[in-house]
Amino acid sequence: MTEVSTPPPAGSRAARLRQPLARHVLEAVAAENGVCIRPLAMRRVDMVTGETEIIPMACGATLASKCPPCAERARKLRMAQCKAGWHLDDEPLPDPDPPTDDAKTLVQLRADLEAVRTDAVTGHDVDQVGEVDDLISQVDAALEDLGVRGKAAPDSRDRPRRTRSTRRRQDVADLPRLPVDRRTVGRTFTGADGTVWRPSMFLTLTCDSYGRVTSEGAPVDPDGYDYRRAARDAIHFPKLVDRFWQNMRRAVGYDVQYFACLEPQRRLAPHLHAAMRGTIPRVLLRQVAAATYHQVWWPACDRAIYSADRLPVWDEQAGGYLDPDSGASLPTWDEALDAIGDDAEPAHVVRFGVQVRADGVTATNSNTGRLIGYLTKYLTKSLDTCHTIATDAQRNHVDRLADALRYEPCSPGCANWLRYGVQPKNPRGGLVPGRCKGKVHRRETLGFGGRRVLVSRKWSGKTLADHKEDRKVWIREQLAVLGHTDTDTGDGGQGAAPDRVVWQLLHPGDPATPRREHLLLRAVADRHRWRAQLDAARAARGDPHPVSATDPGMPHAA
């Protein structure tokens, strides 16, 4: 027989604790309306009229653990970016304009100055070298004023570079190599009825296995699971992904574009989903994935030389770390790299696993929207919370991987190199192995220190800021029906001339900073007002559908 719990008596402490806090109710209302729950107080000063106003601005968090409305808004913006470039029929970026005569004249002058500088360096005339460098800077500035991107030559003239043999490994297959065409759109196909369609692809890549796992992702044999290789694969996975796209472009002969997101599998291995423009034979995709690898040419770090109770000692006079027993200086980073012989093996080799999946998608496919949502579904979560951890085996699996990542070197400047008898690059006092502040050592990243979203340069021809501006333009077009000006678009007056308005961030200690609750109330009220304006604008256009509180087109100053 099921027991029915009786409510606590009115007026008791238990009854009072069941009553929701007003602050929590306010945050819930803000979240339902798509308003940032951690607004920043910004002072907006009109330099013409002198008018001052304090406006709540969104914090811009991308993780739901910090601010769910801002994280969801960022995710929807990424979804719009993904959709914008997936099925393009035309090139997203136009060809550069031809250089003007003024630009050509300045570049000719720049070439003459380079010749003069070379003669001055040969003659050891230091004063003339300095004068020529000043003139070169002026010419570069003049070229920039003419709208020329970049510089005719880099400022740095020294090219210290450590090179390794580029010969492919013998244990991987060779790949076809074609001249890479400048086009970014895929090929077209003509059906039996004469319909022309241009398909794209949804690609999934993952790392290799490190040991057998159960259905919940925990290792069957934790002691036999290769956590060290799992940690290293996660740290260097971004380099492997870059190498894959390079190989893919060379194998197919055109500039393949992609929108990719990283997430962990249930076994916590890096897992990449990518929307790829154009279609490529699946046999070639698997061939490129199998033949792609990244070699890490670092000093050996398989066996620890020093322990937590016996660590190298920093010597201020020598500017480096010394052995605690002999007092001898530890090898520097460059010396450790020089000690790697030509016939040595790399410290680690990252490869993809055999799990390669590619699905064809068209612009008119009803499944496209679902795939975009699937691609971005974990962007608002940290990597260690993408999958529910409910058992002790899963928790222990995360703890073991986090412990392996704690002592694994993440970069040439990582403090963990001291554990293996090597001074980090650009050493300084106070470095302790296991306490590196690199992003890859955090539990919430699971070893991945790069960006969660990887977008090729020519995906949509727009940056994320351009897509945000498109939303503002959409709002202004909607409100123009009601005769609203740019300053009434719900962006806090951001539509005004930039040289007329000055923005200042108010810190918590500033006496003019409003309380957070007051900022939230103001933001919720603004959101109601903006939604009413957009509803009226849509009704005037003949659109009966009201604007949702979390509509991607809604203004998001708060």
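The face of helix α5 turned away from its buried side carries the exposed residues Asp127, Glu131, Gln138 and Asp145, where exposed means over 50% relative accessible area, buried under 20% and partly exposed in between, with a 1.4 Å probe and protein chains only. The model is predicted, so that local features need pLDDT of at least 70 and side-chain atom pairs count only at pLDDT 80 or more, while totals for chains, interfaces and linings use all residues. Residues are numbered from 1 along each chain as its sequence is written, and side-chain values use heavy atoms, leaving out hydrogens and water.

**Helix α5**
- The buried residues of α5 are Val129, Val132, Ile136, Val139, Asp140 and Leu143.
- They cover an arc of only 100° around the axis, which puts them on the same side of α5; the arc is that of the directions from the helix axis to the C-beta atoms.
- What covers the buried residues of α5 includes α4 (101–122).
- After α5 comes Gly147, whose phi is positive, near 90°.

**Strand β5**
- In strand β5 (residues 200–207), 8 of the 8 residues are buried, so the strand is largely enclosed by the rest of the structure.
- Ser200, Phe202, Thr204 and Thr206 point one way from β5, whereas Met201, Leu203, Leu205 and Cys207 point the other way.

**Neighbours of β5**
- β5 and strand β11 (residues 348–361) run antiparallel and are joined by 7 bridges, with Val361 of β11 as the bridge partner of Ser200.
- β5 and strand β7 (residues 270–276) also run antiparallel, joined by 6 bridges, and Thr204 stands opposite His273 in β7.

Terms used
Helix = DSSP H or I, 4+ residues; strand = E, 2+ residues; numbered from the N terminus. Contact = heavy atoms within 4.5 Å. Pairing = 2+ DSSP bridges.
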